[in-house]
Amino acid sequence: MGKNPEMSPRVAKLLKAQKGKCTHCKMYFRENDVLEVDHIIPKSKGGRNEYKNLQLLHRHCHDTKTANDSSLGTKSGCNSAKPKPLIKPEWYWIDDMLVMRYA
Ligand SMILES: [Zn+2]
């Protein structure tokens with residue numbers, strides 16, 4: 001317990017469920033990305049604090065989503081430039097720690 005403060009079990013579980021991808025921009029999380037847990041339905045709108053209502057986003061995607069949530073402006077995905085060829089990361093467990101490496 002508490003051996004791995006960088007990644008909480010909640011984050012690890014969401015990461016697995018999302019197959020290592022951000023639900024906002026559909027890009028794989030990279031090693032140095034900052035991940036944030038987002039409530040799909042905001043708690044202020046009755047969203048529950050359960051996995052079904054949680055998603056992992058890049059910090060910048062979270063910012064974009066939050067901005068879009070409050071202002072129904074134009075849609076702008078992050079990394080909307082040409083997609084780079086995807087390097088697919090692999091996820092695996094060492095003891096109770098989720099580790100990522102690139103194949
Ligand atoms: Zn993203």
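Figure 1. The model is predicted: local features need pLDDT of at least 70, side-chain atom pairs count only at pLDDT 80 or more, and totals for chains, interfaces and linings use all residues. Residues are numbered from 1 along each chain as its sequence is written. Lys19 sits in the loop between helix H1 (9-17) and strand S1. Helices (H or I, at least four residues) and strands (E, at least two) are DSSP runs, numbered from the N terminus. Most residues other than glycine have a negative phi.

**Figure 2. Lys26, in the loop between H1 and S1.** Its phi is near 65°, a positive value in a residue other than glycine. Lys26 is partly exposed, with 14 other C-beta atoms within 10 Å.

**Figure 3. Strands S1 and S2, an antiparallel pair.** S1 (residues 35-39) and S2 are joined by five bridges. Two strands pair if DSSP finds at least two bridges between them. Glu36 stands opposite Leu57 in S2. Four of the five residues of S2 (residues 54-58) are buried, so this strand is largely enclosed by the rest of the structure. Confidence in the protein is highest in S2, at a mean of 96, and lowest in strand S4 (residues 97-102), at 71. That confidence is pLDDT, the predictor's score for each residue, from 0 to 100.

**Figure 4. Helix H2 and its buried residues.** H2 (residues 59-70) has 12 residues. From its first C-alpha to its last it reaches 17 Å, close to the 16 Å expected at 1.5 Å a residue. The expected span is 1.5 Å times one less than the number of residues. Which residues of H2 are buried? They are Cys61, His62 and Lys65. Seen down the axis of H2, the buried residues fall within an arc of 100°, so they line one face of the helix. The arc is that of the directions from the helix axis to the C-beta atoms. An α-helix has 3.6 residues a turn, so residues three or four places apart point the same way. The face turned away from the buried side of H2 carries the exposed residues Arg59, Ala67 and Ser70.

Terms used:
Buried ≥ 20, exposed ≤ 12 C-beta atoms within 10 Å, placed from the backbone.
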